[in-house]
Amino acid sequence: MKTVLCFGDSNTYGYNPENGLRYPSNVRWTGRLQAILGDEYRVIEEGCNGRTTVFEDPIEGWKAGLSYLRPCLNSHKPVDIVIMMLGSNDLKEYFHASAAEIAEGAATLVRDIIDFTDEKQGFIPKIILVSPPEIGEEIESSPFFGSFSLNAIERSREFPVEYLKVAEKYGCIFFDAASVIKPSEIDSLHLSAEAHGIFAEEIAKTVKAIKA
């Protein structure tokens, strides 16, 4: 059995933009991925609302992915595949981060995965580096407007180019989420139930293509 660790933010957690609660496990892309992959895989959900790559949130200081990554990898080892989708929250206005700087934050996590697993489990998992979905064009009418400004839209559109550079540098498998899904029109940030299903189907193809 292969262990697949899904490390991400609210769109991995399964935040429902309609009510602010959590989608059921059979709606979340992680749960759907488990159903598609079957018993030969164990899909582990590690999503957290507001999680960044490396930036420390000035209001909720425990949201940086870097702080939690090594304990997470250690808890679930041996890990065969890591699907990492982070960066959307790094677009918040108070971080003042460019797409390139956010991708470098993702690169820091990738290096941590490589170094830590090589030491602690004796082999490096396959890493699927996911460039996050774009910020929706209606972000100005979103309840999250203020934390995110209009310039987050354009910066999010630069993610694929910058994340591909990271993937190529560190030997990751690259996946562009924006090529298959968009955020809900409700808040321009979070995925609809339909988008969760589409993403699960597409990322499952990538997982299945990985050779042992």
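A nonpolar core, for this talk, is a set of buried Ala, Val, Leu, Ile, Met, Phe, Trp, Tyr and Cys residues joined through side-chain atoms within 4.5 Å. Keep in mind that this is a predicted model.

Let's start with the core. The largest one has 36 residues, and Met84 and Leu129 touch the most other members. Which elements give two or more residues to this core? They are strand S1 (2-8), H3, S3, H4, S4, H5 and helix H6 (159-170). H4 gives the most, with ten residues.

Look at Met84. Leaving out residues up to four places away in sequence, Met84 touches Phe7, Ala106, Leu109, Val110, Ile113, Ile128, Leu129 and Val130. Another core lies apart from the largest one. That other core has 23 residues, including Val4, Cys6, Ala195 and Ala200.

Now helix H4 itself. H4 covers residues 99-120, which is 22 residues. At 1.5 Å a residue, H4 should span 32 Å. The end C-alpha atoms are 31 Å apart, so the two values agree. After H4 comes Gly122, with a positive phi near 85°.

On to charges. How many salt bridges does the structure hold? Eleven.

First, Lys92 and Asp57. Their side chains meet in a salt bridge at 3.9 Å, N to O. The pair links distant parts of the chain, 35 residues apart. Lys92 sits in the loop between strand S3 (81-85) and H4. Asp57 sits in the loop between strand S2 (41-47) and helix H3 (65-76). Are these two buried or exposed? Lys92 has a relative accessible area of 11%, under the 20% cut-off, so Lys92 is buried. Asp57 is at 5%, so Asp57 counts as buried too.

Next, Glu119 and Lys120. Their closest N and O atoms are 3.7 Å apart, in a salt bridge. Glu119 has a relative accessible area of 56%, so Glu119 is exposed. Lys120 is at 41% and counts as partly exposed.

Last, Glu137 and Arg157. This salt bridge has its closest N and O atoms 3.0 Å apart. Glu137 lies in the loop between strand S4 (126-131) and helix H5 (151-157), and Arg157 lies in H5, so the pair ties together parts 20 residues apart in sequence. Glu137 is exposed, at 59% relative accessible area. Arg157, at 34%, counts as partly exposed. Both belong to a network of salt bridges that links Glu134, Glu137, Glu154 and Arg157.

Technical notes: Residues are numbered from 1 along each chain as its sequence is written. This is a predicted model: local features need pLDDT of at least 70, side-chain atom pairs count only at pLDDT 80 or more; totals for chains, interfaces and linings use all residues. Side-chain values use heavy atoms; hydrogens and water are left out. Helices (H or I, at least four residues) and strands (E, at least two) are DSSP runs, numbered from the N terminus. The expected span of a helix is 1.5 Å times one less than its number of residues. A salt bridge is a side-chain nitrogen of Lys or Arg within 4 Å of a carboxyl oxygen of Asp or Glu. Buried means under 20% relative accessible area, exposed over 50%, partly exposed in between (1.4 Å probe, protein chains only). Contact means heavy atoms within 4.5 Å.
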